[in-house]
Amino acid sequence: MMSERGRVELYLAEAVKRHGAGHLTLIDPDSQSPGTAAAMAEAATRGGTDAIMVGGSVGAAGILLHETVEQIKKKTSLPVILFPSSVAGLSENADAVFFMSLLNSRSTSYIVENQAMGAPLILRYGLEPIPMAYIIIEPGGTVGFVGDARLIPRKKPELAGAYALAAKFMGMRLVYLEAGSGADSPVPTAMVTLVKKLLGDVLLIVGGGIRSGDAAAELAKAGADIIVTGTAVERSPDITAFVSEVTNSIRR
Ligand code: 1GP
């Protein structure tokens, strides 16, 4: 039963099919109060985002995480998907969890151990696990450091391609190319194109350093199925306008 695609995963696939490319808004519970996070999610919903991701590398845990998810759920009917950096990033208030393996980590903790410790909780909480490979590209930022990643060099798309293909052969249904939150520039488009060509039907998520509709559009054109923005949403004086700009520019 658990290997079947769940409601949220099917919803994401449908959104990509319908719009040509999807958009996820990432909210880090450590960056603002739960009430502010909920207002951000509400504004992003009005801008046409497809779902809300909740997580962060440091401090996205405990009561702050639970209350953030709870408040967000009250302000939007979109799915809330956890984006955990460890077992502490789980909350039973969410709908689903990106059940991710950081494939280019040096540490087995981020490849499989946190996942094993978290799996029984996911079952108990009734969260939908969405199997996803997580691949961190230079510069990698905080998550690259915390996740002990052997960063994929920006000029080596074939290395990202090799990891993505391994993910596909292992049966993962989503692959996330991450440049790191707040990266100076997003994952290179040439890398996105090569990876998507190898992935075929596997959904490709791209995030890190995407700050404009134009940047998002370039990545979607290159082959990204889903664009993630976090920092730019957080810093935007008008979240609905910013998210609308991104969603309008990536839809085909
Ligand atoms: C980080 O890819 C996400 O995990 C989002 O990055 O904060 O740069 O949008 P930004």
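Biologist: What makes Val 8, Val 80 and Ile 81 count as being in contact with Ala 96?

Modeller: Contact requires heavy atoms within 4.5 Å. In this predicted model, leaving aside neighbours within four places in sequence, Ala 96 is in contact with Val 8, Val 80, Ile 81, Leu 82, Leu 127, Glu 128 and Ile 130. Ala 96 itself is found in strand β4, residues 96-102.

Biologist: Why is Ala 96 called buried?

Modeller: The cut-off for buried is under 20% relative accessible area. Ala 96 has 0% relative accessibility, so Ala 96 counts as buried.

Biologist: Thanks! On to the helices: why are α7 and α8 called roughly parallel?

Modeller: Helix α7 (residues 189-199) and helix α8 (residues 213-222) pack at an angle of about 30 degrees, with their axes 8 Å apart. Angles under 35 degrees count as roughly parallel, and α7 and α8 are therefore roughly parallel to each other. The crossing of α7 past α8 is right-handed.

Biologist: Which residues meet there, α7 with α8?

Modeller: From α7 come Thr 189, Val 192 and Thr 193, which meet Glu 218, Leu 219 and Ala 222 of α8. By type, the residues of this contact are three nonpolar, two polar and one charged.

Biologist: How do you know that the span of α2 is close to the expected one?

Modeller: Helix α2 has 13 residues (34-46), and from first C-alpha to last it reaches 19 Å, close to the 18 Å expected at 1.5 Å a residue. Its buried residues, among them Pro 34, Ala 37 and Met 40, pack against β1, β2, α3, α9 and α10.

Terms used
Residues numbered from 1 in each chain as written. Predicted model: local features only at pLDDT ≥ 70, side-chain atom pairs only at ≥ 80, totals over all residues. Heavy atoms only, no water. Helix = DSSP H or I, 4+ residues; strand = E, 2+ residues; numbered from the N terminus. Expected span 1.5 Å × (residues − 1). Buried < 20%, exposed > 50% of the residue type's maximum accessible area, 1.4 Å probe, protein only. Axes fitted to C-alpha atoms, helices over the stretch in contact; angles between N-to-C directions. Parallel < 35°, antiparallel > 145°, perpendicular 65-115°, else oblique. Left-handed = near helix turned anticlockwise from the far one by under 90°. Nonpolar A, V, L, I, M, F, W, Y, C, P; charged D, E, K, R; others polar.
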